[in-house]
Protein chains: 2
Amino acid sequence: MSFYLTILGSSSGLPTSKRNSAAHVLNVHEHFFLIDCGEGTQIQLNRFNIRLGKINHIFISHLHGDHIFGLFGLISTFNLLNRENDLHIYAHPEITHTIKYYKDHFGNKLQYNIIIHPFKTARPTLIYENKHITVETIPLKHRIPTVGFLFKEKEKPKNIRKEQIEKYNIPIKEIVKIKQGADYITKDGTTIKNEKLTLPPFKLRSYAYCSDTVYSEKYVQYISGVRLLYHETTFLDKDKKLAKLTYHSTALQAATIAKKACVEKLLIGHFSARYKDVSALVKEAKKIFENTFAVEDGDIFHIVAERIK
Amino acid sequence: MSFYLTILGSSSGLPTSKRNSAAHVLNVHEHFFLIDCGEGTQIQLNRFNIRLGKINHIFISHLHGDHIFGLFGLISTFNLLNRENDLHIYAHPEITHTIKYYKDHFGNKLQYNIIIHPFKTARPTLIYENKHITVETIPLKHRIPTVGFLFKEKEKPKNIRKEQIEKYNIPIKEIVKIKQGADYITKDGTTIKNEKLTLPPFKLRSYAYCSDTVYSEKYVQYISGVRLLYHETTFLDKDKKLAKLTYHSTALQAATIAKKACVEKLLIGHFSARYKDVSALVKEAKKIFENTFAVEDGDIFHIVAERIK
């Protein structure tokens, strides 16, 4: 079962010829979730071979242009492609004005529904779930109301060990309970521990997207133990005054968050165009948190399914 | 003196991984004129090494998304780059709503002025001039009010032949008149023809941008004799019903316009994404008008300065 992230855009406010504005796609069990939609997102989706028709849910962190200026083009293109499926957009309530403006001026022939799911940004909120995952907001601190998003796999029933079921000749109605974690008591009263009857569960996979935000330890609790964290890294620590002033983070700060939250892997991006070479940002982050990667447009990061040992 | 066109985007409504939405830049004597501004225009400007600070004038053919969805991003980026120069936008009066929406929602810190030059679309109108060129609208016929743009070099004073001036010992006050085309009468009453005293004038250079439009012979008169014509070519002639229905042109129609207008060179673009290979479009156009080129993003077309023989 797939769980992987594709980076569509990794620049900050100023896109470059190599880095598009903010946009990620998370594929969870072949459901594609678009996170932010900077200018050129539809072109990046084409470039990286993600079928546009697969996108049904768009999560918008905040309403700054570099995170949403690709929305109008994408909405139009969906229409030209004869989309029929509803499009769900999860964002700050202000998004209704953006969509209304689009519909009033460009969307007179829109053949599909746009369903807006506005959310409050002050507290973590469950905004989406399907049978595989939940999506919760992560309150961040930026110049305007902003959240991150936490995508978490749901716990699944355990996989049974067939040979044990046969060995103890366990009836089907008991198997359901065993999958939920129950032990089994044989006819002669012996207790067979659940661990003996089932395979170890899969480590739950999770992805947290934190962009844009100034350094704050308040949101560490919400991303604690996450498997993969993307944290904006607009500046080097030598420019931390500028980071504070513009409500952005430095590489050192992103790494500190990753360390405090005990995440498995840290991805950094949203780099200021002032740094021609991002190696200094990676170096700075790695001093605090070794398992750090600087993303580039088109990068794919898988979290493979693995059982707890 | 430079006069060249850079193609930033050559797709129709649906951009592809190789073709961006509509945008051209015309460089006339180091003044850069942006024509249309589809999504991703700022990224294309970066990619093709055109300095954003050089863009002071934007000409918008019509207010369909694929011709303007790059405006918001470009306006924002200008601001991030600390632009101070006024930005002039020439477009249908409806553009004021677009810019107002931008300012109300994203432009609260805009440090430079956006000056809108609204124009009516029914008649050809002079909308811009500097000492080198004029820009006139070309009324086109599309689903919404649409114009093309005709960029024309202005006639310059003639260059004198120094050796002739010396030979006849012509005084400075007479030289001014000769540059304007006057003959010279010597003290003994002999008339020296202007052609003998001046170099042949330069062939005036001109560029016409015609996109989007259904086939119509009405605008042929406005582009008659133009040196370089870009004409939208959304469809093959076998799809001409669809062209008519959507108010677009076929390759055959674009070439017919070029032929009737006696232009020097025809560029075709704005191709429907349904044609994976554009060679059929070129072939179709060349049957009518041999000097046809299918543009690609990044292509540059120069018109060199040459004297009339």
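Two residues are in contact if their C-beta atoms, placed from the backbone, lie within 7 Å. This is a predicted model, in which local features need pLDDT of at least 70 and side-chain atom pairs count only at pLDDT 80 or more, while totals for chains, interfaces and linings use all residues. Residues are numbered from 1 along each chain as its sequence is written, and chains are lettered from A and ligands numbered from 1 in the order in which they are written.

**Both chains**

Start with chains A and B together. Chain B is superposed on chain A by a rotation of 180° with 0.1 Å of shift along its axis, at an RMSD of 0.1 Å (least squares on the C-alpha atoms of residues with pLDDT of at least 70 in both copies). The two copies are thus related as by a two-fold rotation axis. To find that axis from chain B, select B:Gly40: its C-alpha is the nearest to the axis in that chain, at 2.6 Å. The copies meet through the same surface, because 100% of the interface residues of chain B are also interface residues in chain A.

**Chain A as a whole**

The C-alpha atoms of chain A fill a box of roughly 70 × 50 × 35 Å along the principal axes. Colour by secondary structure to see ten helices and 16 strands; these are DSSP runs numbered from the N terminus, helices being H or I of at least four residues and strands E of at least two. Of the 309 residues in chain A, 44% are buried (20 or more other C-beta atoms within 10 Å of the residue's own; exposed means 12 or fewer, partly exposed in between, with C-beta atoms placed from the backbone). Among contacts in chain A with a separation of 6 or more, 63% are between residues 24 or more positions apart.

**Helix H9 of chain A**

Select residues 251-260 of chain A. Seven of the ten residues of this helix, H9, are buried, so the helix is largely enclosed by the rest of the structure. The buried residues are A:Ala251, A:Leu252, A:Gln253, A:Ala254, A:Ala255, A:Ile257 and A:Ala258.

**First sheet in chain B**

Now show chain B. One open sheet has seven strands in the order S6-S5-S4-S3-S2-S1-S16, with mixed pairing (two strands pair if DSSP finds at least two bridges between them). Its edge strands, S6 (114-118) and S16 (300-302), each pair on one side only. Strand S1 (residues 3-9) runs antiparallel to S16(B) and is joined to it by three bridges. Zoom in on B:Tyr4, which stands opposite B:His302 in S16(B). Helix H4 (residues 95-105) of chain B packs on this sheet, touching strand S5 (87-91) and S6, and its direction makes about 160° with that of S6(B) (axes are lines fitted to C-alpha atoms, for helices over the stretch in contact, and angles run from 0 to 180 degrees between N-to-C directions).

Five bridges join the parallel strands S13 (residues 228-232) and S14 (residues 265-269) of chain B; select B:Tyr230 and its bridge partner in S14(B), B:Leu267.
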